[in-house]
Amino acid sequence: MRRRIVLITLLGIFIGVTVWITQMDTLRYMHPKTYGDLARQTWNHIKMVGIAELLAIGVGVPLGVLVTRPGLKRFATPVIGTANVGQTIPSLAVVAIMAPILGYRFESAIIALFIYSLLPVLRNSFTGINDIDPAIIESAKGMGMSRLQIATKIELPLALPVIMAGIRTSTVICVGTATLAVLIGGEGLGKIILAGLYTQIPLLILQGAAPTAALAVILDTLLGGFESWMTPRGLKKS
Amino acid sequence: MITLENVKKIYPDGTEAVKGISFEVIDGNLCVLLGPSGCGKTTTMKMINRLIPITKGGIYIDDKDTKEMDENELRRNIGYAIQEIGLFPHMTVRENIATVPTLKDWDKERKEKRAEELLTLMGMDPDEFMEKYPTELSGGQKQRVGVARSLGADPPIMLMDEPFGAIDPITRDRLQDEFINIQEEIQKTIVFVTHDINEAIKMGDKVALMKDGELIQYSTPAELLAAPKSRFVRDFVGSDRTLKSLRLMKVEDAMKKSPRAVRKDDDLSEVTSIMAEEDLTYLMVVEDGRRLKGWVNRQDIEDESGVVADVMSEDTGSAELGTSLAEGLTVMLERDVANLPVVDEHGILQGIVTFNDLQSLIGETYTERGGKHPEVTQ
Ligand SMILES: Nc1ncnc2c1ncn2[C@@H]1O[C@H](COP(=O)(O)OP(=O)(O)OP(=O)(O)O)[C@@H](O)[C@H]1O
Ligand SMILES: [Mg+2]
């Protein structure tokens, strides 16, 4: 409940700031973006995050699950380790490295974001399954469930909330990182921030930053709701 | 019937956990695998449902080689309960219990009925618990649901690995008692792992005592106590094994049947002559139908002219037929008497246990060759 109040307050502030700046008349040094600009860049932002995130889920979940399998477990450390390195490198550096390799275009931005979003999804998919109490798996096996039945009826349902939490974390981080992606050809709210930086007008920077923050809060809340909707009652902490 | 024939287990790392053991568990019996930590109990048990592959030898169920069976099919017909329980946290109690029935494609109604039946058997109210999740249960309740789940599809055989190991002693004691009653009703063939000698004696029809992967002694609990085969067994069983065997034996096994008794209105002169004749210092007093009323002590008879009622003491303390000798002994010590009348559930005098008898019985359990001792398990 308290968490919800904080979130709503934050959201109010971010949206309020955005509206306040957008309403301003053009001053001598500043040309605030219109609502149309904001909507277009917000949509671009969401598109970029969405594509990168879908890629991260498409690769991270299967890969994370795969390295929990008995025969493939020895690959767990190198795979998670590699993804860890990807995350350890500062996001600006990832973006900077991608530009010369892939060129200055929308796809490069997506790939940089994907690399950056992969780890939380991958790691949570792995630990979600790997951390299941071995006694649960043993009793399932002992009662005569097949490998496939254990995977689909026990392991996946138990790991799903953890995987979802990974996707949520990853998405929120991705919303922030995506503002940097404009440096190598991405689109989105980062463009507005960048314009503000070039012209050294703080209000313009804020006009891009506040809706970005609002977007992060909204996505976090939505995914959080989805996560708890997907969590079976028996796994909820009351 | 479960038959182990020269079963060996060598783990991939070279550990020889089970070194060729053979024994049989007959139908409806509970066989306890007992032994110190690391002796190979769990390994032995898990080879029965092939959770651990056998290195050498064979395990047969009703003379059929388990190696030849489909492993999932085999496991669905063997109940499995472990100390860690491993209830599925995302499923309700009802769904947990219906695990194997679901695997066996039972219809919904039948599963429902079975879950209700099993919860009731475990002493849990189905209405209250069916739709609860494991996190909403106490430790003891989880353990009960775990056992209920292992009984799900009514398997003829059950494997239980320290199923009561992780709960407090009082609850454990109660669960053991409950399970003994349940087993009396369901008559499963059970392999039960424990490292607790008291649990083994209490639960087992047979005890297989293991050490370092070898079967040291396979016998009834009474035999194990009375005739330990080696120093290891004797040490493992503990120095208080006499007391343990008293707990195992019932007063009816040790009593003298149909003792002489007198009635309230009998003349004391008659009583003293019976006492002299039988060389007794006391006589039980009964009324119609040999209902126990009290007793007379020779010391209390000062004047032989009265009747029994004048000198008898009522409320002697007594034990029922099914009472353990340990409890009987406790009553004797508490009341400071050397003779304990044994009655049936209607209070009818059935026999007498004397302190002397107990002493010689204890002496007998100490004869290392086993000698004579009451057969108590069958
Ligand atoms: N997977 C394994 N790989 C190698 N050695 C093992 C494995 N599992 C068990 N062992 C070894 O086999 C021996 C027997 O183990 P087991 O689990 O059967 O003992 P236990 O009698 O059940 O002991 P406890 O009372 O502690 O449960 C031990 O020495 C143990 O270290
Ligand atoms: Mg064990």
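Helices and strands here are DSSP runs, numbered from the N terminus. The model is predicted. Work each exercise with the structure open.

**Exercise 1. Where does A:I89 lie in chain A, and which surface patch includes this residue?**

Step 1. Find the element. A:I89 sits in the loop between α3 (76-88) and α4 (91-102) of chain A.
Step 2. Check the cover. The relative accessible area of A:I89 is 30%, so the residue is partly exposed.
Step 3. Look around A:I89. Together with A:V85, A:I97 and A:I101, A:I89 makes a nonpolar surface patch. The four have about 340 Å² of accessible area together.

**Exercise 2. Describe chain B as a whole: its elements, extent, burial and surface.**

Step 1. Count the elements. Chain B has 17 helices and 18 strands.
Step 2. Take the extent. The C-alpha trace spans about 85 × 50 × 35 Å along its principal axes.
Step 3. Take the burial. Chain B has 378 residues, and 53% of them count as buried.
Step 4. Take the contacts. Consider those between residues at least 6 apart in sequence: 64% join residues at least 24 apart.
Step 5. Take the charges. There are 47 positive and 70 negative charges, and their mean positions are 7 Å apart.

**Exercise 3. Is B:T44 buried or exposed, and which residues is it in contact with?**

Step 1. Locate B:T44. This residue belongs to helix α1 (residues 41-48) of chain B.
Step 2. Apply the cut-off. Buried means under 20% relative accessible area. B:T44 has 1%, so B:T44 is buried.
Step 3. List the partners. Neighbours within four places in sequence are left aside. B:T44 then contacts B:L4, B:V18, B:I21, B:F23, B:L33 and B:M210.

**Exercise 4. Examine the phi values of B:I85 and B:S258, then the setting of each residue.**

Step 1. Recall the background. Most residues other than glycine have a negative phi.
Step 2. Read the angles. Phi is near 65° for B:I85 and about 40° for B:S258. Each value is positive in a residue that is not a glycine.
Step 3. B:S258 is exposed, at 58%.

**Exercise 5. Which residue forms a salt bridge with A:D220, and which parts of chain A does the pair link?**

Step 1. Find the partner. The side chain of A:D220 meets that of A:R3, at 3.5 Å from N to O.
Step 2. A:D220 is in helix α9 (residues 202-230) and A:R3 in helix α1 (residues 2-23), 217 residues apart.
Step 3. Check the cover. A:D220 counts as buried, at 17% relative accessibility.
Step 4. Widen the view. A network of salt bridges links A:R3, A:R168, A:D220 and A:E227.

**Exercise 6. Why does the salt bridge between B:E131 and B:R94 tie together separate parts of chain B?**

Step 1. Take the distance. The closest N and O atoms of B:E131 and B:R94 are 2.8 Å apart.
Step 2. B:E131 lies in the loop between α6 (126-129) and α7 (139-150), and B:R94 in helix α3, so the pair ties together parts 37 residues apart in sequence.
Step 3. Check the cover. B:E131 is partly exposed, at 40% relative accessibility.

Methods: Residues numbered from 1 in each chain as written. Chains lettered and ligands numbered in written order. Predicted model: local features only at pLDDT ≥ 70, side-chain atom pairs only at ≥ 80, totals over all residues. Heavy atoms only, no water. Helix = DSSP H or I, 4+ residues; strand = E, 2+ residues; numbered from the N terminus. Buried < 20%, exposed > 50% of the residue type's maximum accessible area, 1.4 Å probe, protein only. Contact = heavy atoms within 4.5 Å. Areas by Shrake-Rupley, 256 points an atom, 1.4 Å probe, with all protein chains shown as cover. Lys, Arg positive; Asp, Glu negative; His and termini not counted. Charge placed at Lys NZ, Arg CZ, Asp CG, Glu CD. Patch = residues over 30% accessible without salt bridge, like charges linked within 9 Å, V, L, I, M, F, W, Y side chains within 5 Å.
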